Structures are given as structure tokens and as C-alpha cells.
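User: Please take a close look at one part of this model for me, and then set it in its surroundings. I would like a connected account that I can follow with the structure open.

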Amino acid sequence: MKKLSARRRHPLAAVVVLLLALLFSGGLYAVFAPTSKAEADETAQSLTIEEGKKLYSVGCASCHGTGGQGTSDGPSLVGVGAAAVDFQVGTGRMPAATSQGPQVPKKKNIYTQAEIDQLAAYIASLGAGPAIPTEEQYGPQGADIAKGGELFRTNCAQCHNFTGKGGALTHGKYAPDLEGVSPKHIYEAMETGPQNMPSFPETTLSEENKKDIIAYLDAVNSSKSESPGGLELGGLGPVSEGLFGWIFGLGGLIAVAVWVAARTAKAKKS
């Protein structure tokens, strides 16, 4: 007993006991502790990217290259971001038809949203770019419709006309009609600048500005009432309506004046 008591009083005894306790508790934690959320999210993201890479290899690599570096048939996708993929594939513009015209038109998409998300995750892994916006970014809550109309007329009406009905551009290209386009895709188009459209990053149009423009388009396209100014003439704006008034209104007045003058002259002769 005296020997055992002497060993317990040894200066290193407390250190040994502490080390054993730490090893025991650490081992129990490693065995029973759940996988951290960060590790789980990282694993899920890796799987998503891997699935996206498989989809890309089948449907996109022939034009854009095996690593997204681009070829003579398609531009590089490095750095375009997930938003560009969600827009192009979600609107059916990609994959493009075999015979292409001046620009790639919107058509029925062939991928599910889950597959689009996987493709977007893979492309985003190739280089940083605009992310897919959340509903909070493009939703109508808190948007200023009047401000949106002002911004749209300043930045967008030159191509899409005053109410987003679309219009012709040069060499057979065109600005598409924005009626029925989802708010998310409108936001992504402003963010990424697809085809002939310039991009409007945060330095040009802020997130609030984009939300205001989307709210304006929703307001003018969802209204079921008649145009307060009469026939809207396709919503092309005051130039077309003024031209219509000038040609037909003034032309009608001239025709009436000629008819009255002819009747008067005939009456004097008789």
C-alpha cells in the first residue's frame, strides 16, 4: 500500500491521468459525433458538380470543349457563372439547334431544373461568375415600379421598346418580347448579357434597380385593362403612335379638305 501510495504521489501521475482522459473523451467524440454540416454540404456540392460534369460531357462538350475552354463552334464557359447557365439552358437556348440563324432563339428546354442546377454548379466550378439569383433578389416585394419604368426606358427601351414587346436589330437579329419571361431569367439576362444584350453588373444597375425594372415589366404586361391612350400599336411607344396620328390623322384632314374644296368648286360652276 505504501508503494502504491508513493506512485500516486509521483509528479507525473496527474499528467498521465489527464492525457488518458483526453484520449478517451476524444475517441468517444470521434466515434459518436455526427458529421459536421460543412462537411456534409461540401460532399453534396462535390456530387452535384460531378453529376453536372457528366451532363456537360454528353450535351455541351462537343461545342464548348471538354473543359469548357471553348472551340470554333462555341465560346469559352470559364467564368460565365451559374446564372448564365441557368438562363441559357432554362430558356431552351442551349443546347443550340444544329442549324443556327443570326441568333439562338428561345425554345422548350430539355433539362429538368435539377439537371440545370447540376450543370450550373459544374460551370461555376471552372471559374467565378454571377450566381443564380434568389427570389429575394428578383421578387416584387419593396420594388419601385415608377423607378423601374424610368430605368427601363433609359437602358432597355432602345431595343425592347417601351413596354418590352421586343424589336428588330441589325443583320436579322432581334430583341425578344419580354412578356411571359420569368423574373429570374430577366434578372439573369441583365446580370450576364446574353447574345446581343449588354450586361448590367452591380456597378451599372444595382440589385434594387434590377428588381424595380422587373416589377415595371410585370406591371405593364400583366395589366388586362385597355390602353388609356387608345390603341397601343404594339406598345412601340410615342414615336410609332405619333407617326400613325400624323399619317392617318393629318392625311384624313387633308382628304376632307380636298373633298370640301372640290364640292365648293362644283357648286360655284353650277
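**A buried asparagine and the pockets**

Analyst: Setting aside its neighbours within four places in sequence, N221 is in contact with T163, K165, L178 and E179. The model is a predicted one, and N221 is found there in helix α11. Is N221 buried or exposed? N221 counts as buried because its relative accessible area is 13%, which is under the 20% cut-off.

The largest share comes from α10, which supplies 4 residues. By class, the lining of the second largest pocket divides into 19 nonpolar, 8 polar and 3 charged residues.

The largest pocket can be described in the same terms. About 620 Å³ of space lies in it, and of the 30 residues that line it, H64, P75, L77, Q88 and M94 are the closest to its centre. At least two lining residues come from each of α3 (37–59), α4 (61–64), α5 and α6, and α5 gives the most, with 4 residues. The lining of the largest pocket consists, by class, of 18 nonpolar, 11 polar and 1 charged residues.

Two of the helices that contribute to the largest pocket, α5 and α6, also meet each other. The axes of α5 (residues 81–90) and α6 (residues 113–126) come within 8 Å and cross at roughly 145 degrees, and the crossing is right-handed. On the α5 side the contact involves G81, A82, V85, D86, V89 and G90, while on the α6 side it involves Q113, I116, D117, L119, A120, I123 and A124. By class, this contact between α5 and α6 has 8 nonpolar, 3 polar and 2 charged residues.

How values were computed:
Residues numbered from 1 in each chain as written. Predicted model: local features only at pLDDT ≥ 70, side-chain atom pairs only at ≥ 80, totals over all residues. Heavy atoms only, no water. Axes fitted to C-alpha atoms, helices over the stretch in contact; angles between N-to-C directions. Left-handed = near helix turned anticlockwise from the far one by under 90°. Contact = heavy atoms within 4.5 Å. Nonpolar A, V, L, I, M, F, W, Y, C, P; charged D, E, K, R; others polar. 1 Å grid on protein atoms, 1.4 Å probe; cavity = no way out; pocket = protein on both sides within 12 Å on 5 of 7 lines; lining within 4 Å. Points joined across faces, edges and corners; volume = space filled by probe spheres on them. Buried < 20%, exposed > 50% of the residue type's maximum accessible area, 1.4 Å probe, protein only.
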